[in-house]
Amino acid sequence: RMTDRKLVFGQLRTAVFNARIAERGLLDDLDALLRDPTLGTRVKLTLTDVNVHDLLTFKHPAIPRIGRYIDLLLEKEAVHLFLPRANLHTFYRDLQDDGIDPVIPFINPSTDSIKLDGIGLFRDDRLAGRVKAEDMPYFVMLYDEFRQGVITVQVGQTEFVTLTALRSERDVRIRRKAGGALAAEISILLNGSVVEDFGYKNHKTKKSREELIRKINRKVEEKCERQIRLMQKLRADCIGMGQYA
């Protein structure tokens, strides 16, 4: 009774849920959004560790409209696919698919801004665990292909290498081992340019460059295998191996 505008849910861009609610299961909460004809299925989903009210009332001079900031933050990351798209459609699609489990990103306030803070891994509609923020690029390498990525890889005790214009391609093969068990082999092809070596190494020689590539390969493989072991522990197939099996 205090506005001349019609109030509708149709302007909803992002639905934010506290992690404790997601641990109990999101399907009942999403049901109202799924059945609302004024809402599209592209409404983004995100999780937070803090009280949602505290997140949505976060004050910062560089963030005049917190809702739009969150929407653009999620969209920017999804365009470069360092973040899987998570909306009503993808969540419900993956929930109904026997071969993959849903994922939803985390956002949390920091001291001076709001930041992406990992990826929630679901088993059915319940939050089972999460990918740490620093491991998100490696999870996405297993999840899908991406373009235009930038990552910094620690390849030694004090050596960090930054790769830009990064392109990732994924290939999955399923084979049957002796005894009938299935095994999945995931091959990842990375192409990119080294723009910085914070170990102050000289890579003018071919031998030095080949050694750097081997170091990057080992580190990426180690990080990806860690994500696979995490999902095995949680019994959550969020990268869709079941679709190939």
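**Reading salt bridges and a helix pair**

A: Let us begin with one side chain: Arg 214 has a relative accessible area of 40%, so Arg 214 is partly exposed. Keep in mind that this is a predicted model.

Q: Which residue does Arg 214 form a salt bridge with?
A: The general idea is that side chains of opposite charge can pair when their charged atoms come close. Here the partner is Glu 211, with the closest N and O atoms 2.9 Å apart. Both residues belong to helix H7 (residues 206-234), where they sit three residues apart, about one turn of the helix. Glu 211 is partly exposed, at 30% relative accessibility.

Q: How many salt bridges does a search of the whole structure find?
A: The search gives 15. One of them pairs Asp 94 with Arg 93, at 3.0 Å from N to O.

Q: Is Asp 94 buried or exposed?
A: Take the relative accessible area and compare it with the cut-off: under 20% means buried. Asp 94 has 5%, so Asp 94 is buried.

Q: What does the salt bridge between Asp 4 and Arg 5 look like?
A: There the closest N and O atoms are 3.8 Å apart. Asp 4 counts as exposed at 73% relative accessibility, and Arg 5 is exposed as well, with 63%.

Q: Now for the helices: at what angle do the axes of H2 and H5 cross?
A: In general, two packed helices are described by the angle between their axes and the distance between the axes. For helix H2 (residues 27-35) and helix H5 (residues 88-96), the axes cross at roughly 125° and come within 11 Å. That angle makes H2 oblique to H5, and the crossing is left-handed.

Q: Which residues make the contact?
A: H2 contributes Leu 27, Leu 30, Leu 33 and Leu 34, while H5 brings Leu 88, Phe 91, Tyr 92 and Leu 95. By class, the contact has eight nonpolar residues, no polar ones and no charged ones.

Q: Lastly, where does Gln 157 lie?
A: Look in the loop between strand E6 (146-154) and strand E7 (160-176). Gln 157 is exposed, at 75% relative accessibility. Its C-alpha atom is 50 Å from that of Leu 39, a residue 118 positions away along the chain.

Methods. Residues are numbered from 1 along each chain as its sequence is written. This is a predicted model: local features need pLDDT of at least 70, side-chain atom pairs count only at pLDDT 80 or more; totals for chains, interfaces and linings use all residues. Side-chain values use heavy atoms; hydrogens and water are left out. A salt bridge is a side-chain nitrogen of Lys or Arg within 4 Å of a carboxyl oxygen of Asp or Glu. Buried means under 20% relative accessible area, exposed over 50%, partly exposed in between (1.4 Å probe, protein chains only). Helices (H or I, at least four residues) and strands (E, at least two) are DSSP runs, numbered from the N terminus. Axes are lines fitted to C-alpha atoms, for helices over the stretch in contact, and angles run from 0 to 180 degrees between N-to-C directions. Angles under 35 degrees count as roughly parallel, over 145 as roughly antiparallel, 65 to 115 as roughly perpendicular and the rest as oblique. A crossing is left-handed if the near helix is turned anticlockwise from the far one by less than a right angle, and right-handed if clockwise. Contact means heavy atoms within 4.5 Å. Ala, Val, Leu, Ile, Met, Phe, Trp, Tyr, Cys and Pro count as nonpolar, Asp, Glu, Lys and Arg as charged, and the others, Gly among them, as polar.
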